[in-house]
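Subject: Two-chain model for you

Hello,

Here is the structure I promised to pass on. Please open it first, then read my notes below.

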Amino acid sequence: MKHCLIVDDSRVVRTVAGRIVKDLGFTVSEAGDGASALQRCQAQMPDVILLDWNMPIMNGIDFLTSLRRSDGGKAPVVVLCTNEKDPDHIGEALRAGADEYIMKPFDADIVRSKFDQLGLV
Amino acid sequence: MQDTTFQQIAALAHHHSGQDLSPAKPYLIEARLAAISRRESFASLDDLAHCLTSRPNKRFEAEIASALTPKQTQFFADRDQLERIVTHALPEMLKASNTGRLRVWCAGVSTGQEAYSLAMRLSELEGSPLCQADIELVATDLSAKSVAEAQAGLYSHFEIQKGLSVHRMLANFERQVSGDWLICESLRSRVTFRQHNLLTPPGPLGQFDLIICRNVLPTMARDKQIEAVAHLNAQLSPKGQLFVATGESLTGLSEDLEPSRSVRGAWCHSQTLKETAAA
């Protein structure tokens, strides 16, 4: 079973996203900021990371940049999942190494569609 | 909703769009007619049905029939089939054509995502013979409202994220102040949208090399499916191919159409298949 790490400072978003991703057949773990997400990745690299942008301690882009430079950090599929909707922001996320992008608010169909396009389901 | 109201609305849908409404799902009818019912200040669908009887109005009936049709669609709904069309079916047809022109009809496209997906995929081709071809894309739907939305090419936050990768979204759409996303002019002008009912002969639309009609026929009653397929068949050029959704079949709906032996999901004229096999 593939593993998905959900990184978001909102417990509600983590819970909702977690339910959706579990329904897609993934095991799920959570982190509330970029720094703790990096620690989790160092312990065990997930297959997919659903990543918020604006978080305390370390934001999503800083986390993503660090992740992609780390050992094995190019492997996980990273899907930004954020309130940022400006095309310039989206471009910045892709340049930092995101594979896909979800604009909040999202629903199960959007997550399924993005995971499907990435060949994850 | 009273039984007589259901029967009246079901008969109207059957007549206008061929739709086969299920008595087991009255909530679908209520949900799809809610906006019209509110706009016309009907207290209930029973009132709406009474109005249809007491003051018959063909235009209002057609609007109700089109509101009752399912509107579910998304970009790149069947990527595998789209790839077969773009990399196999259309290039083969182009090879056989002596004009360099191909005509494609997307029938029952709702708000246009399917037709724009094909236009998008064609625009991405590099080094394909299709790049030099003159490919006309015509897209139709029963609903005037859906056709207007398709022509506008404006998609909501939720619509734009279903089926479309972020790369295609950025390459082909522009975010508006409203938060909606507008398709680029080059793709919008690539598709001609028209209102059209599959139950009426589409003569003026002309002949097509390829017709895509996905997820429309299964919503229809069998007699109307046969009627609609006859019309699609009549518009299909002798060597044309008709694509329906994966899992749909035209078996028993037309004696003149058979599954293609070379392209999965495509249906061709039986006579053409025989001639090809003989050759």
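Chain B carries 28 positive and 31 negative side chains. The centres of the two sets are 2 Å apart. Lys and Arg count as positive, Asp and Glu as negative, and His and the chain ends are not counted. Each charge is placed at NZ of Lys, CZ of Arg, CG of Asp or CD of Glu. Chain A has 14 positive and 18 negative side chains, with the two centres 4 Å apart.

Some ground rules. This is a predicted model, in which local features need pLDDT of at least 70, side-chain atom pairs count only at pLDDT 80 or more, and totals for chains, interfaces and linings use all residues. Residues are numbered from 1 along each chain as its sequence is written, chains are lettered from A and ligands numbered from 1 in the order in which they are written, and side-chain values use heavy atoms, with hydrogens and water left out.

Chain B

Chain B holds 12 helices and 10 strands. These are DSSP runs numbered from the N terminus: helices are H or I with at least four residues, strands are E with at least two. The radius of gyration of chain B is 20 Å, close to the 19 Å from the globule rule for 279 residues, so chain B is as compact as a globular protein of that length. The radius is taken over C-alpha atoms, and the rule is 2.2 Å times the number of residues to the power 0.38. The C-alpha atoms fill a box of roughly 60 × 50 × 30 Å along the principal axes.

Of the 279 residues in chain B, 51% are buried. Buried means under 20% relative accessible area, exposed over 50%, and partly exposed in between (1.4 Å probe, protein chains only). One buried example is Ser66(B), at 10% relative accessibility. Ser66(B) sits in helix H4, residues 58-68. Beyond its neighbours within four places in sequence, Ser66(B) touches Lys71(B), Leu142(B) and Ser143(B). Contact here means heavy atoms within 4.5 Å.

Chain A

Chain A has 5 helices and 5 strands. Along the sequence they run β-α-β-α-β-α-β-α-β-α. The radius of gyration of chain A is 13 Å, close to the 14 Å that the globule rule gives for 121 residues, so chain A is as compact as a globular protein of that length. Its C-alpha trace spans about 35 × 30 × 25 Å along the principal axes. Buried residues make up 54% of the 121.

Where the chains meet

How many residues of each chain are in contact with the other? The count is 20 in chain A and 15 in chain B. About 1500 Å² is buried between the chains, and carbon and sulfur atoms give 61% of that. Buried area is the accessible area (1.4 Å probe) that two parts lose on being put together, summed over both. In chain A, Met103(A), Ile110(A) and Gln117(A) lose the most area to chain B, together 33% of what that side buries.

Lys114(A) lies in helix H5, residues 108-117. At 1% relative accessibility, Lys114(A) counts as buried.

Best wishes
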